Amino acid sequence: MINRRDFITKSALTVAGSGVLGAKAFANGAPIAKDAPFNLNYAPHFGMFKNSAGDDLVDQVKFMYERGFRSMEDNGMMGRSVADQERIGKEMARLGMKMGVFVVSYLDGPQTATFVTGKQEWQDKFLQACRDAVEVAKRVNAKWMTVVPGNFERRLPMGIQTANVIELLKRASDIFEPHGLTMVLEPLSDTPDLFLRYSDQTYMICRAVDSPACKILFDMWHMQRNEGRLMYNMDMVWDEIGYFQIGDEPGRKEPTTGEMNYKNLFKHIYDKSKANGQEFILGMEHGNFFSGKEGEEKLIASYRQVDDFM
């Protein structure tokens with residue numbers, strides 16, 4: 001029997017040595033890809049390959065492209081300087097890469113009962129953050145933004161909170177829709193205090209909002225922890241899914257490091273999206289199981305392994 005970690009290590013060395021040109025080779029100012037693009041559109045994040053690419057954000061984008069990735073996501077994009085946003089957007093446009101999600105940031109601290117309460121102060125904060133997000137999206141050529149309603153409020157019936165969320169998301173959709181932007185609602189598993197936790201709950205809210213600017217972010221790590229039966233539940237809410245994210249359980253690291261069968265999950269997403277004429281970005285919202293440059297090569301090799309489903 002082949003040891004999984006030995007396989008990953010050997011695959012990493014094969015991938016690392018497969019490029020005829022080095023990581024710093026350029027043609028017309030653009031890096032030449034060492035590796036072929038993946039079957040699915042996986043999106044790493046800043047910091048994932050910093051041991052290989054260095055600290056500079058644009059160099060990290062170039063490294064992602066060289067290794068076969070054609071998208072990138074960055075939860076903290078709204079907190080970056082305008083200059084960095086413009087540099088990132090320019091480089092990704094030059095490479096023909098797509099920008100994945102960034103978070104619509106409206107919280108000053110830890111998650112609290114926010115716009116589920118219907119309070120004007122939270123509505124104002126969130127809607128202003130949406131307006132700011134439009135400007136950020138323009139700089140980085142983004143289409144998708146993550147939205148999290150915050151914690152539920154124990155003193156209010158769930159139906160009232162849900163109505164408050166739907167009403168505010170309708171107003172946010174009015175901000176995003178004219179720009180062709182889409183907020184993706186993410187059900188989370190971090191704590192039972194969170195209002196949004198299940199795919200069917202998120203589906204119901206998106207149906208009620210009834211806008212192309214409001215869809216589901218189906219994070220497979222969170223959904224494995226909260227509800228399981230991933231392909232079944234994915235199919236149930238498919239029409240409202242706008243974006244996927246990845247993480248193996250336990251540990252929230254790259255595929256092949258936990259119990260989840262990502263090869264089957266990715267094949268299911270690939271087959272269903274092709275049949276429906278769709279294309280999704282799948283954000284790599286997880287940590288690295290192994291450290292250093294070697295760990296980064298192993299991470300890339302793990303994606304090559306699970307992406308081999310054709």
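Mentor: Fine. Start with Y42, which is buried, with a relative accessible area of 1%. Keep in mind that this is a predicted model.

Trainee: Which strand does Y42 lie in?

Mentor: Y42 lies in strand β3, residues 41–43.

Trainee: How many residues apart in sequence are Y42 and Y303?

Mentor: They are 261 residues apart in sequence, yet 8.9 Å apart in space, C-alpha to C-alpha.

Trainee: What about contacts in the protein chain in general, between residues at least 6 apart in sequence: what percentage join residues at least 24 apart?

Mentor: Of those contacts, 78% do.

Trainee: How much of the protein chain counts as buried?

Mentor: Of its 310 residues, 53% count as buried. The secondary structure comes to 11 helices and 11 strands.

Trainee: Let's take a helix pair. At what angle do α5 and α6 pack?

Mentor: Helix α5, residues 120–140, and helix α6, residues 158–176, pack at an angle of about 20°, and their axes are 10 Å apart. That makes α5 roughly parallel to α6, since an angle under 35 degrees counts as roughly parallel.

Trainee: Is the crossing of α5 and α6 left-handed or right-handed?

Mentor: The α5 and α6 crossing is right-handed.

Trainee: Which residues make the contact?

Mentor: From α5, they are Q123, F126, L127, C130, R131, A133 and V134. From α6, they are L168, L169, R171, A172, I175 and F176.

Trainee: And by class?

Mentor: The contact of α5 with α6 has 10 nonpolar residues, 1 polar and 2 charged.

Trainee: Switching to charges. How many salt bridges does a search of the whole structure find?

Mentor: The search finds 18. Side chains of opposite charge can pair when their charged atoms come close.

Trainee: Give me one in α5, then.

Mentor: E135 and K138 meet through their side chains in a salt bridge, at 3.6 Å from N to O. Both lie in helix α5, 3 residues apart, which is about one turn of the helix.

Trainee: What is the N to O distance for E91 and R94?

Mentor: It is 2.6 Å, and the two side chains meet in a salt bridge. E91 and R94 are separated by about one helical turn because they are 3 residues apart in helix α4, residues 82–95.

Trainee: Which residues do salt bridges that share partners join into one network?

Mentor: D35, R67 and E297 are joined into one network that way.

Trainee: Last topic, the backbone. Which residues does a cis peptide bond join?

Mentor: The bond joins E249 and P250, with omega about 0°. P250 lies in the loop between β10 (241–245) and α10 (262–275).

Trainee: What is the phi of T256?

Mentor: T256 has a positive phi of about 85°, although it is not a glycine. T256 is also in the loop between β10 and α10, and it is buried, with a relative accessible area of 9%.

Trainee: And D210, where is that?

Mentor: D210 is in the loop between α7 (199–209) and β9 (214–219). D210 has a positive phi of about 60° and is not a glycine.

Trainee: Does D210 count as buried or exposed?

Mentor: D210 counts as exposed, at 64% relative accessibility; the cut-off for exposed is over 50%.

Methods:
Residues are numbered from 1 along each chain as its sequence is written. This is a predicted model: local features need pLDDT of at least 70, side-chain atom pairs count only at pLDDT 80 or more; totals for chains, interfaces and linings use all residues. Side-chain values use heavy atoms; hydrogens and water are left out. Axes are lines fitted to C-alpha atoms, for helices over the stretch in contact, and angles run from 0 to 180 degrees between N-to-C directions. Helices (H or I, at least four residues) and strands (E, at least two) are DSSP runs, numbered from the N terminus. Angles under 35 degrees count as roughly parallel, over 145 as roughly antiparallel, 65 to 115 as roughly perpendicular and the rest as oblique. A crossing is left-handed if the near helix is turned anticlockwise from the far one by less than a right angle, and right-handed if clockwise. Contact means heavy atoms within 4.5 Å. Ala, Val, Leu, Ile, Met, Phe, Trp, Tyr, Cys and Pro count as nonpolar, Asp, Glu, Lys and Arg as charged, and the others, Gly among them, as polar. A salt bridge is a side-chain nitrogen of Lys or Arg within 4 Å of a carboxyl oxygen of Asp or Glu. Buried means under 20% relative accessible area, exposed over 50%, partly exposed in between (1.4 Å probe, protein chains only).
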